[in-house]
Amino acid sequence: MLSALLGVEGPAEPDAEALVRESGEVVTYGALARVVARAAGQLRGAGACPGVSVALALADPVGLLISALAVWEAGAVCVPLDLRAGAAAAEEIAARAHARLVVRGCGADGELQLELRNGPAIDPRAALLLFTAGSSGKPKGVLLSAAGLRANVMAILGYLPIGDHPRTALTLPLAYSYALVGQALTTLRAGGALLILSELGYPALQLASMARLRASGLSSVPAALRLLARLVAEGAEPPPLGYLASAGAPLDAPTAGALRTAFPRARLFNQYGLTEASPRVAAIEDRDPAFAKGAAGRALPGLTVWTEGAQGDIFVKGPSVMLGYLDDPEATAHALSAEGALRTGDVGFVDESGALHVRGRGDGVVKVAGERVSLDEIAEVLRAAGARDAAVVALPDQALGARLIAFAEVPEAGLAALRRAVREQLGPAKRPAQIVAVHSLPRLPSGKADLVQLRALAAL
Amino acid sequence: METPELAIRAVLADHVELPAHDDAELHLPSLVVIVLAEELERRFGFLVAARELSPGNFGSIERLAAFVKRKAAR
């Protein structure tokens with residue numbers, strides 16, 4: 001079931017729990033291997049093979065995981081779609097991914113609902129194609145190889161104690177590399193159980209389910225971890241966590257402290273990574289002295305991490321670096337050097353002890369609750385929906401990392417259309433907290449929107 | 001004075017499709033729950049406890065408005 005992608009199967013016995021739904025319903029490793037084999041056979045029959053892109057349009061995380069494993073068993077390219085951004089946005093991604101097969105449903109027996117399409121073959125070395133926000137315009141398709149994913153899964157298992165604490169609470173959407181690779185694949189490779197809690201919108205429900213299903217490991221983003229720690233401080237029963245891992249945004253000292261108080265027996269990790277690196281680049285445990293100084297991590301074995309200058313661009317080199325961006329040689333050339341060094345787009349420094357510190361993005365990208373958001377992409381959606389021009393600024397926000405305020409040159413009456421476009425075309429993290437109608441944007445002599453002045457206006 | 005129902009509708013309008021009725025069930029993504037709680041804290045000047053982020057308080061505009069009135073009265 002895993003060997004086509006990861007080279008080997010995990011150590012789990014056939015009757016061990018692989019997937020556990022919030023309802024308590026279990027899929028064992030034996031049952032999972034059977035349904036994945038069936039789905040893979042169906043995909044092969046429909047033409048799935050290396051270079052064929054298969055889009056997964058499934059809201060059910062269990063169906064999505066079965067389909068993803070089947071796509072890999074068939075040797076094809078897996079493209080999980082984020083359905084939270086709406087059907088139209090998902091359809092656009094499927095088209096841009098050149099999907100020849102779209103999986104619309106997956107039965108408990110592994111029978112897939114397939115839609116067949118025409119499309120060109122893509123890079124046959126790719127195993128996973130994920131779309132992520134770039135510094136400008138539309139999300140970019142990141143091509144990741146099986147070898148890169150395998151290297152990253154093994155590197156993560158080298159520090160994250162999933163083997164000792166094998167019941168992983170999965171609370172993030174599987175269309176993200178953090179959840180799909182960093183949590184789902186690592187847990188299955190270690191023979192652990194994935195507790196599927198990503199459909200629960202409320203942190204209190206997630207925490208209660210974690211306690212009931214005896215979750216022993218949790219990886220999430222600081223915004224969500226902070227709420228779970230607050231719930232425990234307010235008296236909620238904590239799950240028996242053996243480790244906690246944070247990524248997606250800087251883990252600040254108050255949040256780390258609150259997590260230690262709420263979960264005193266859990267080992268605590270900060271991590272750094274990006275989709276283009278499959279995704280994990282660096283990790284650090286809280287007993288390392290550099291953790292308290294705000295380090296995001298130490299480079300994982302097999303990876304080299306360096307910065308240009310004392311406070312410069314962060315670069316990564318190693319087997320888990322992406323193959324490139326789909327259909328975008330220009331962006332690929334900007335991100336990947338001829339020697340295979342990846343320019344992360346983040347800025348930071350490596351301290352004297354060798355730990356990496358991340359100071360944020362160097363371009364128009366911000367992190368909202370751990371998700372990469374391109375300010376330019378949002379402005380483009382507003383312009384397409386009728387604004388003469390638009391600009392989006394990000395204000396610091398304690399809970400979410402950033403709070404987005406959009407300014408649009410549009411009459412008040414046009415705001416409804418902009419709001420509708422934002423809801424229908426952008427995922428929750430990309431929707432501005434506020435859209436302000438203005439007669440004209442303040443501008444720099446160059447004609448570009450004056451972001452400094454807009455930021456001051458937004459802070460009022 | 002802005003009523004809680006109107007304020008809640010204004011905040012939600014930027015994130016989800018507004019339901020026709022205040023008592024219709026809202027299915028909010030977890031991120032929207034956090035954003036909405038923050039916005040209510042900002043507008044009405046009370047603090048929302050993490051345990052108060054629940055379908056009982058956030059499951060419809062009607063329940064949200066009752067929650068805001070209860071919090072503001074304290």
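What share of the 74 residues of chain B count as buried? The figure comes to 35%, where buried means 20 or more other C-beta atoms within 10 Å of a residue's own, with C-beta atoms placed from the backbone. This is a predicted model, so local features need pLDDT of at least 70 and side-chain atom pairs count only at pLDDT 80 or more, while totals for chains, interfaces and linings use all residues. Residues are numbered from 1 along each chain as its sequence is written, and chains are lettered from A in the order in which they are written.

A compact globule of 74 residues would have a radius of gyration near 11 Å, and the 11 Å of chain B agrees; the radius is taken over C-alpha atoms, and the globule rule is 2.2 Å times the number of residues to the power 0.38. The C-alpha atoms fill a box of roughly 30 × 25 × 20 Å along the principal axes.

Turning to the interface, 24 residues of chain A are in contact with 21 residues of chain B, contact meaning C-beta atoms, placed from the backbone, within 7 Å. On the chain A side, H8(A) gives the most, with four residues. Helix H8 spans 222-233, and helix H7 (203-212), helix H13 (415-425) and strand E25 (434-438) of chain A also give two or more residues each.

Within chain A, A:Leu56 touches A:Leu64, A:Val79 and A:Val103, among others.

Terms used
Two residues are in contact if their C-beta atoms, placed from the backbone, lie within 7 Å. A residue is buried if 20 or more other C-beta atoms lie within 10 Å of its own, exposed if 12 or fewer, and partly exposed in between; C-beta atoms are placed from the backbone. Lists of a residue's contacts leave out its neighbours within four places in sequence.
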